[in-house]
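Q: Can you walk me through the labels used for this fold, one at a time? I'd like the cut-offs next to the values.

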Amino acid sequence: MRFWIAIVGLFLLAAAGLLQASALAAGNNRVALVIGNSKYVYAPALPNPAGDARLMADVLRKAGFNVIEGVDLDYAGMRDRLNKFTEASYEADTALIYYAGHGMQVNGKNYLIPVDAELTAPAHLKTRTIQIDELLAALPPDPAIGIVILDACRDNPLARTLAASLPKSRSTTAPGLAPIDVSGSDVGTGGVLIAFATDPGAVSYDGNGANSPYTTSLARHLAEPGVEIQSALTRVRGEVTAETNGRQRPWHNASLGREVFIGPQTPPPAAPAPQPSATETPVEPPTSDGRGWEIEQRVWDEASKRNTLAHYQAYLQQFPKGAFADLARLNIDQLKRSPTVVANTESDASRSATGAQSPAAAGNPETDTGTELTESAIGLGRQEKIDLQERLLAIGYDLDEADGDFGIKTRQAIGRWQEENRLPPTTFLTPTQYARLKLDTGDALKSYRAQRASEAEAKKQESATSQKSQKPQPVVRAKPRREQQREAANPRPVPKAAKQARRKSGFRTCSGIDGTFEVPASQRCPLSGYAHY
């Protein structure tokens with residue numbers, strides 16, 4: 001009898017959960033635009049965005065959203081879907097946009113790229129891409145909630161093609177996407193949330209599965225019952241950071257006037273635990289912290305912001321089985337391996353003093369082992385990567401060029417440098433190794449850059465000289481045929497040879513049998529046998 005009562009109870013609980021989800025979907029007007037672009041015409045195809053879009057569309061439909069969906073859209077298709085979304089979301093309570101595919105930033109502005117976009121001129125940004133400001137303009141006004149989720153921070157060859165045509169004096173491109181400020185004093189009970197697959201200016205990864213690491217985690221947590229959206233995104237950040245060993249850290253920025261739940265607002269009630277028999281020893285359930293997820297999130301945010309051993313250990317003491325426990329232990333291990341990593345709270349002076357330590361103290365092979373995570377902790381931007389490649393070139397390592405892309409040759413050069421300095425040749429740097437490399441190559445870098453500048457100036461002068469020597473010769477045009485005939489009929493007289501100039505004006509020249517001779521001008525030439533000139 002008890003068995004059937006338990007079965008009926010479970011059935012009623014499940015029915016109550018379904019009714020609650022249906023009521024939520026019916027009571028809210030919620031619209032979503034989902035786009036995934038994979039098959040690019042002028043760039044290599046991306047493996048996951050189309051599948052990512054289908055996964056997110058399914059999650060949002062189950063959460064009660066009216067989904068406008070598109071896969072592998074050209075410019076006209078993206079513009080059409082955006083217009084439909086703008087009309088559908090005009091009076092919506094919650095409007096969400098999800099995009100996966102190529103995106104880029106130029107001069108701090110972000111652009112989404114259709115599959116047919118060929119970007120070879122600055123004007124193409126206006127005529128062949130969708131600016132993210134247009135997505136924000138499509139969101140409904142307060143008190144509605146607007147959400148934009150962008151898995152569009154992949155390495156983008158179209159950005160490099162466009163960069164070659166941009167005026168270097170006033171236009172710049174950078175990896176990933178630029179941050180978007182959504183703060184505002186006019187936010188009431190609504191607001192806007194922007195979520196990126198990784199930190200601004202960084203590049204995200206497609207991963208090895210059918211979906212990207214970011215979208216996989218997002219689909220798991222975004223519509224989780226009882227989880228507020230910012231808490232869900234914090235969980236996504238922790239999972240993706242741990243899965244990618246710190247190479248990708250999702251980011252979001254919000255200005256919301258209330259809590260937002262994509263899934264049901266309250267979690268489903270837990271099923272009653274089976275009663276142990278008299279012969280069984282009761283098993284103590286796993287301990288759970290009763291202070292709630294919000295407190296854990298605040299503690300973790302503070303620990304990740306400070307990035308010190310003490311803060312991570314404090315988190316583990318309070319939440320030994322928390323959502324970020326594994327990541328906290330990983331960060332603690334990395335901080336112990338790299339003792340010179342400077343916390344964010346330290347002053348610039350102490351940071352400089354740490355970076356300038358002697359090379360002898362910087363290279364302990366047992367504790368100074370480079371990994372992708374330790375190199376990510378350095379925070380190398382594109383310009384810092386170019387600087388590092390130039391240092392390796394300056395001390396004689398073979399690289400194709402200093403382009404800011406750490407390819408195979410750059411990794412091999414780092415590994416050889418580590419090996420020559422008796423460091424583990426992992427091809428990844430630690431903050432200590434980076435400081436040592438900069439210290440060892442300062443003079444060589446100055447000489448290298450001076451030589452490059454001298455070669456560039458010589459090449460410039462050579463090019464200018466070559467252009468000057470290759471001036472076009474004037475074209476001699478043939479005279480008209482009629483003029484040629486007239487000159488042939490009436491040839492010009494050939495001028496007689498000019499008489500030899502007299503050597504002196506006070507003499508006259510006389511001619512005789514023996515030749516010519518001169519006499520004073522006051523005298524006359526002899527008459528006998530001579531002719532006078």
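A: Axes here are lines fitted to C-alpha atoms, for helices over the stretch in contact, and angles run from 0 to 180 degrees between N-to-C directions. Helices (H or I, at least four residues) and strands (E, at least two) are DSSP runs, numbered from the N terminus. This is a predicted model, where local features need pLDDT of at least 70, side-chain atom pairs count only at pLDDT 80 or more, and totals for chains, interfaces and linings use all residues. Residues are numbered from 1 along each chain as its sequence is written, and side-chain values use heavy atoms, with hydrogens and water left out.

Q: What makes helix 2 roughly parallel to helix 7?
A: The axes of helix 2 (residues 49-62) and helix 7 (residues 213-221) come within 10 Å and cross at roughly 10°. Angles under 35 degrees count as roughly parallel, over 145 as roughly antiparallel, 65 to 115 as roughly perpendicular and the rest as oblique, so this pair gets the roughly parallel label. On the helix 2 side, the contact (heavy atoms within 4.5 Å) is made by Asp 52, Leu 55, Met 56 and Val 59, and on the helix 7 side by Thr 215, Leu 218 and Ala 219.

Q: How do you know that the length of helix 16 agrees with its residue count?
A: The expected span is 1.5 Å times one less than the number of residues. For the 13 residues of helix 16 (residues 408-420) that gives 18 Å, and the end C-alpha atoms are 18 Å apart, so the two agree.

Q: Why is Asp 72 called partly exposed?
A: Buried means under 20% relative accessible area, exposed over 50%, and partly exposed in between (1.4 Å probe, protein chains only). Asp 72 has 24% relative accessibility, so it counts as partly exposed. Asp 72 sits in the loop between strand 2 (66-71) and helix 3 (75-88), and has a positive phi of about 55° despite not being a glycine.

Q: And why does Thr 427 count as partly exposed?
A: Its relative accessible area is 21%, so Thr 427 is partly exposed too. Thr 427 lies in the loop between helix 16 and helix 17.

Q: What makes strand 4 and strand 5 a pair?
A: Two strands pair if DSSP finds at least two bridges between them. Strand 4 (residues 103-106) and strand 5 (residues 109-112) have 4 bridges, in the antiparallel sense.
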